[in-house]
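This briefing covers helix packing and a surface patch. Please look at the sequence and the structure first.

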Amino acid sequence: MSEQKTPVAERHPSPASSHSAPGGRTSGRNLLHGSGARSLGLVIALAALVAIGLITSGERFLAVENILTILRHASIIGVISIGITFVITAGGIDLSVGSVMGLTTVVASLASVQLAATQSTWLVMVLVALLVGGIAGLVNGVIIAYGNVVAFIATLAMLVAARGLAELISGRRTLIVNNTDFLDFMRADFLGVPVLVWIFALVAAAGWFLLNRTTFGRRTVAIGGNIEASRLAGVKVKRHLVYLYVLAGLAAGIAGLMMMGRTTAGTSTHGLLYELDAIAAVVVGGTLLIGGRGTIMGTVLGVLIFSTLTNVFTQNNMDTSVQALAKGLIIVVAVLLQQRFAARNERRATAKPLKV
Amino acid sequence: MSEQDQASPLLEVRGLSKRFAAVQALKGVDLDVRAGEVHCVMGQNGAGKSTLIKTLSGAHRPEEGEILWEGRAVEFDSPAAALELGIATMYQELDVVGGLTVAENIFLGHERATGGVLHVKRANAAARSLLQRLGHGGLSPSREVGSLSAANQQIVSMARALSRDTKLIIMDEPSAILDSGEVQNLFRVIRELTAQGIAVVYISHRLEEIRQIGDRISVIKDGRSTASGLHVTETPKAELIRLMTGREVANVFPPRAPLAADAPVALEVDGLELKGHFEPVSFTVRAGEILGLAGLVGSQRSEIIETIYGARKATAGRVCVNGKRLTPGSVSAAVGAGLGLSPEERKSQGLILDEPLYRNVTLSTFGRFARAGLLDESAERQAARAQIDALELRPADPNRPARALSGGNQQKILLARWLVHGTPVLLLDEPTRGVDVGARAEIYTLIRRLAAGGTAIIVISSEIEEVLGLADRVLVIDDGRVLAESDANEIDEHGVLDLVMKGSAA
């Protein structure tokens, strides 16, 4: 029986902890045995990439400067990925995050917004970006939850529409961000680490907490696991779906601000195809595309794997086409491995094989 | 049947063993099936019936034991190989493709075609003759299967089994999705099959059915044969229950406690209507009372309680819980006011199969274990644990995924959910579907105990006997209308069926 219990204990907090210490702490174990164990494969993959980087570029690869480059590169797509991890965990999808991010950069860089920011505080720009992202998410969520439109279609429509709106507003021109307070903040280092990376870390930590420690996270997982059972148990499913898309929109807004900081510009072309990179990172990280299981740690590792890969290729001046090919391979291999793992896990847990 | 006794068996199984990881699912099963007989296999949930079926259908390969087919030792390692021999299996979950036609489903995997081009007319004609063989010549081969009733989909599944040169059909609880009339039809079809020399291995929980259709019975318990090839007519019911459970089950339904004369009305349904489904219904349930809704499948009884619960939005009427009117069409309002539903489809409507047991138990209440949205999982786990222990859920490990539990224990999860909630009104839709005999008795006792504690309960069951045995009062329902209301003591199964037959005629 002990053999049989092992995978279950890996998946969920160990039963022993709940027996011996009913009021005690299970969180540490949860972290190690739960998503931690699942993420082991990802850590190994990341380590392999680092090893390749070391072999091909030597010391240069491990230089602090280069590591910060990798992290900075990961930060923007990382924030977007954390947002859609929630949507995907609940069994949804958001294809619009990339273009919504583009839209937020345009609106937050408008002359009038920057003027208002100069007259009061640069936080006006932050507020505007979050508002734009949040409203786009709200529209997505209401159409999906109350209009009963399939998430794929609703957010595909938003992908197209938000890009169009961004082009209309900007007149297809690049808007320069010249609010020095804003740029100073976004381009600063704190304790030797760029603010962009700090933002990513904070968003990831907040996301982990929200998904694993709150009723919001529990509802998200429950809806993804079985939307009908959740509804019949009294969970306010529609309202929660709206919250989830708003959350993804807010993450796109934060990512937009980071993008403006990094490029000192707002343009409708920002965030092109980011939704696909983000979905790839989430899925490689181990979040199930059909919902019911989500891992923030996995998403972070997924993002890091892709940005390290890019870095390795750039360091060696290799063709970006080969890089795209490698990315595709990684996605397929990661998902294949996860399915194997999931199948084995389930088989052991239920002591019955999958339907043949 | 006496001449069959001398016949050599079509299928003989000796000492079959199968192991999954650490679990020994089968530890020596013997079975012999003769041509033209209905051989029933009985056993509680988890006894190993499913594993046995899957081994015989080629989905699993056994570790030990032998399988003789027409006297020859055989080994098959795929469902295709079993089909090749002439063994077809009808699984409990219908395995038809809704978007394809009847004929396309029947010949799925061995289409009538030349070089990949389908012969639609020829397939339809062949399908028609197969359906005629099953006494369902009226079923059009070009009809889309998704539009058929569950009973007719089952006929399609059976026709598919026959479309190959099948000598043995394994039926895994074929009656689970049927109402009483449809079950009789299924039996007629099975008799026609056996008259043609085809053997049927029939798996069921329902003793009465086995008495009607079976020739011989084999019983398995904990992966082992406890009896093999008993004659149905010579084996008393009590003996079968003893073989399955290892104990005597005398009186399945616990005695009713008398309802207090001043028990307050807990649930009041007034003129509730859902157009296209049921006419206005009005009734009340008092605290501590069990109201049964008796009716056949399709009588709209599930729709009635789903509308009470707010899962469907009523077109008229109102529902009050303890005098407080509910918002129509809002499940969360109903739950908040004190209604709980244990839905008909446990797996698809009730449980999150991959989530741990305790989270399934607290699905309606986890918000209570949170302060400012922050979950206190140890308090949550403790509350779940208390109910897991009280209901004797097995396995009792709160971290097991709900998927790993048997039907009876999954049902207990749903009861535990509402026990944690402390809801004053419970709606139970088919609380014992797919639950074995032993666990059934436990669930009956539990429901009775809840009522004795003051919970108002509505019970729905396809088994009229169950509704009558469990409820204090019964509403007989047919085609979305309440035909009669009666004290459960004053009506019997015949009375209910009589009403339904008359009601349909009118």
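H7(A) and H10(A) are roughly parallel to each other, because angles under 35 degrees count as roughly parallel. The model is predicted: local features need pLDDT of at least 70, side-chain atom pairs count only at pLDDT 80 or more, and totals for chains, interfaces and linings use all residues. Residues are numbered from 1 along each chain as its sequence is written, chains are lettered from A in the order in which they are written, and side-chain values use heavy atoms, without hydrogens and water.

**Helix packing**
- Helix H7 (residues 97-108) of chain A packs with H10(A) at an angle of about 20°, the axes being 8 Å apart (axes are lines fitted to C-alpha atoms over the stretch in contact, and angles run from 0 to 180 degrees between N-to-C directions).
- The crossing of H7(A) and H10(A) is left-handed.
- Helix H6 (residues 64-89) and helix H16 (residues 274-285), both of chain A, pack at about 65°, with axes 8 Å apart.
- H6(A) is therefore roughly perpendicular to H16(A) (65 to 115 degrees).
- H6(A) and H16(A) cross in a right-handed sense.

- A nonpolar patch with about 760 Å² of accessible area (Shrake-Rupley method, 1.4 Å probe) includes A:Leu131, A:Val139, A:Phe152 and A:Leu156.
- Helix H9 (123-145) and helix H10 (151-170) of chain A each give two or more residues to the nonpolar patch.
- H9(A) gives the most, with 4 residues.
- A:Val139, found in helix H9 of chain A, counts as partly exposed at 36% relative accessibility (between 20% and 50%).

Methods:
Patch = residues over 30% accessible without salt bridge, like charges linked within 9 Å, V, L, I, M, F, W, Y side chains within 5 Å. Salt bridge = Lys/Arg side-chain N within 4 Å of Asp/Glu carboxyl O. Buried < 20%, exposed > 50% of the residue type's maximum accessible area, 1.4 Å probe, protein only. Parallel < 35°, antiparallel > 145°, perpendicular 65-115°, else oblique. Left-handed = near helix turned anticlockwise from the far one by under 90°.
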